[in-house]
Amino acid sequence: VPIRHRLDYVPESLYSYSVMGFDLKAFWDAVPEIIQKINPQFGQRLTMGIQMMNRMFNFDLNQDLFSNLEPLITSYSKMDGIQASPLYFIHVRDQETAKQFLKKLFADGTPLRANKLVQVNQFSGHEIYQFGNLTGLSQQRNTQVAQAGNPIGPFAITVVTDGIVWGPEK
């Protein structure tokens with residue numbers, strides 16, 4: 001991690017800021033082998049599930065996502081009332097690859113969009129994918145999502161110049 005790492009978009013009202021080196025690609029590559037050793041039957045199901053997801057969304061999770069991630073994650077939070085509101089940024093090698101991956105993942109007709117779990121909006125030239133208490137969901141469905149223990153609550157994700165940003169939808 002660079003000693004003098006700085007991000008221009010960090011607000012002055014910052015509560016906390018951290019930079020972490022974490023190689024998600026290496027972690028992703030190790031997961032199937034680890035699971036296979038723990039439970040071979042589940043390891044096979046995991047591999048089949050990943051293959052099914054790749055076909056369903058027309059991408060290669062390994063190539064289109066994990067191989068594009070840099071091992072640098074930045075997070076910061078600001079105070080939102082009495083609690084900290086976090087925002088996370090993971091650096092990518094190629095912005096266009098990241099944008100195309102999210103477009104495929106959240107395209108019309110995919111299960112996430114068909115079940116109205118994701119809403120797509122435009123803001124300052126970026127596609128913002130919003131999850132959580134969505135206007136397209138009934139109040140009953142939003143309550144079910146909350147009761148299911150959604151630990152993140154409503155959040156959004158987008159691609160900016162050199163990374164993927166996600167955090168609360170506000």
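The structure holds five aromatic pairs (rings of Phe, Tyr and Trp, the last by its six-membered ring, with centres within 6.5 Å; planes under 30 degrees apart count as stacked, over 60 as edge-to-face, the rest as tilted). The model is predicted: local features need pLDDT of at least 70, side-chain atom pairs count only at pLDDT 80 or more, and totals for chains, interfaces and linings use all residues. Residues are numbered from 1 along each chain as its sequence is written, and side-chain values use heavy atoms, with hydrogens and water left out.

Select Phe22 and Phe27. Their rings form a tilted pair, 5.9 Å centre to centre with 45° between the planes. Phe22 has 32% relative accessibility and counts as partly exposed (buried is under 20% relative accessible area, exposed over 50%, partly exposed in between; 1.4 Å probe, protein chains only). Phe27, at 48%, is partly exposed too.

Next, go to Phe59 and Phe101. This pair is also tilted: 4.7 Å centre to centre, 50° between the planes. Phe59 sits in the loop between α2 (40–57) and α3 (61–65), Phe101 in helix α4 (residues 95–105); the pair links distant parts of the chain, 42 residues apart. Helices (H or I, at least four residues) and strands (E, at least two) are DSSP runs, numbered from the N terminus. Are Phe59 and Phe101 buried or exposed? Both are buried.

Finally, select Met20, in strand β1 (residues 14–20). Met20 is partly exposed, with a relative accessible area of 43%.
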